[in-house]
Amino acid sequence: MRKAFIILAALMIIFSISWAQETTPSQEKPPAAAVPQQPGQPQQPQDVKYTNDSVARVSFVEGKTFIQRASDLGFEEGVLNMPISEGDRLGTADGRMEVHFGRGNYIRLDNDSKLDILNLPKKGDDIARMRVWSGSAYLVVGALAKEKGIEIHTADSSFYVLDKGIFRINVRENHDTEVLVFRGLIEAAGEGGSTLVKAEQRLEVSEGRFSSKPSPFMAVADDAFDRFNQSRNSELGQQFAGNAKRYLSEDLGDYESELDQNGEWRYVPPYGDVWTPNGIDADWRPYWNGRWVWLGLSGWTWLPYDPWGWVTFHYGRWHWGLDLGWYWIPMSMWGPGWVDWWWDDFYFGWAPMSYWGYPGILMGNRFYGG
């Protein structure tokens, strides 16, 4: 009887693991990612609220930076590929940070700056909303789904992006705000109403009131932060323009140059173009060089230490071939980590999910699952 009870309990645990998606750290181990019902057609459980735009990525960091999670009083050091979710606070001391939201959208913080991620798009809410508390922030908008789809707030004013462009927000110690529009169009709002600020115009706001009408300025690099942003924009633009062939969808195009620089593309039927990393050790395997980070919206989320790891561990699947080793198959749906979990009383572990929706390897052109 005791043996039958143990077997029944084990079966119930296995069943719950297979369907677990959103848990809290105190309840269970990290959940399995969504399981595709058909090859190449992943489908998320109905209770998942995040979308491809719900989690951003730290895409550049230098010097002293920090991140404070919404539910945590402590701080952690900002590192490349750190996942960023709504409710997080980002800050710099003697350093700079760049956060990538996908589709050519970035925000960059200068030295001694602090910013809150108030909201990121999710199911039923497609607005990106941020608040700059102090310092300077550069907002680069390469894609805008709708007018006012991106908002920047300060202590005394609000700014609504109306067109793609490049914008700088400066918040001084006395809470005065300055906005400079290098390209694009933005609506500024304060206690005295609202006004449009066009390309090559600037506006100052003091205690919620406009100090003057929008006035022209020379939209050129004027200080070290301007020059830093100009350099980053140039570098990202050259990388994107340098791709002779596009292997990724338009939504993932920002990551193509990273993969081109760190690996090779090959054609493998029936998956199509796949990517293999260069410069890895013989014992390397997916979801090994990194760690798990807890986010309130997506649960346990993989932080890859491989510099090219954001797109390859949050989109698509990994397979293993006798002639190629590990290779990545691109797919279009974001996930916190496409792995399958197993644990008992003493250990827990994970394995990458294959194209077919469960763990396995390819040997001798034969697939071994489970």
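How many nonpolar, polar and charged residues does the lining of the largest cavity have? In this predicted model, a search of the whole structure returns 2 cavities of 30 Å³ or more, and the largest cavity holds about 130 Å³ of space. Its lining is made up of 15 residues, of which N52, F101, G102, Y255 and Y315 are the closest to the cavity centre. Sorted by class, the lining of the largest cavity comprises 8 nonpolar, 3 polar and 4 charged residues. Two or more lining residues come from each of the elements β1 (56–68) and β4 (89–102), and β4 makes the greatest contribution to the lining of the largest cavity, with 3 residues.

Aromatic contacts were examined next. A pair of aromatic rings is described by the distance of the centres and the angle of the planes. The structure contains 30 aromatic pairs. One of them is formed by Y138 and F225, whose rings are arranged edge-to-face, with 5.3 Å centre to centre and 75 degrees between the planes. Because Y138 belongs to strand β7 (residues 128–141) and F225 to helix α2 (residues 224–241), this pair ties together parts that are 87 residues apart in sequence. Y138 and F225 are both buried. A stacked arrangement is found for Y287 and W292, for which the centre-to-centre distance is 6.5 Å and the angle between the planes is 0 degrees; these residues, Y287 and W292, are likewise both buried. Y287 and W292 also take part in one aromatic cluster, the other members of which are W275, W284, W302, W308, F313, W318, W341, F348 and W350.

Aromatic rings are also found in contact with charged side chains. The charged end of R96 is placed over the ring of F228, at 5.0 Å from the ring centre, while K148 lies over the face of Y160, with 5.6 Å to the centre of that ring.

A further element of interest is strand β16 (residues 272–277), in which 5 of the 6 residues are buried, so that this strand is largely enclosed by the rest of the structure. Strand β15 (residues 263–268) runs antiparallel to β16 and is joined to it by 6 bridges.

Methods. Residues numbered from 1 in each chain as written. Predicted model: local features only at pLDDT ≥ 70, side-chain atom pairs only at ≥ 80, totals over all residues. Heavy atoms only, no water. Phe/Tyr/Trp six-rings, centres within 6.5 Å; stacked < 30°, edge-to-face > 60°. Helix = DSSP H or I, 4+ residues; strand = E, 2+ residues; numbered from the N terminus. Buried < 20%, exposed > 50% of the residue type's maximum accessible area, 1.4 Å probe, protein only. Lys NZ or Arg CZ within 6 Å of the ring centre and 35° of its normal. 1 Å grid on protein atoms, 1.4 Å probe; cavity = no way out; pocket = protein on both sides within 12 Å on 5 of 7 lines; lining within 4 Å. Points joined across faces, edges and corners; volume = space filled by probe spheres on them. Nonpolar A, V, L, I, M, F, W, Y, C, P; charged D, E, K, R; others polar. Pairing = 2+ DSSP bridges.
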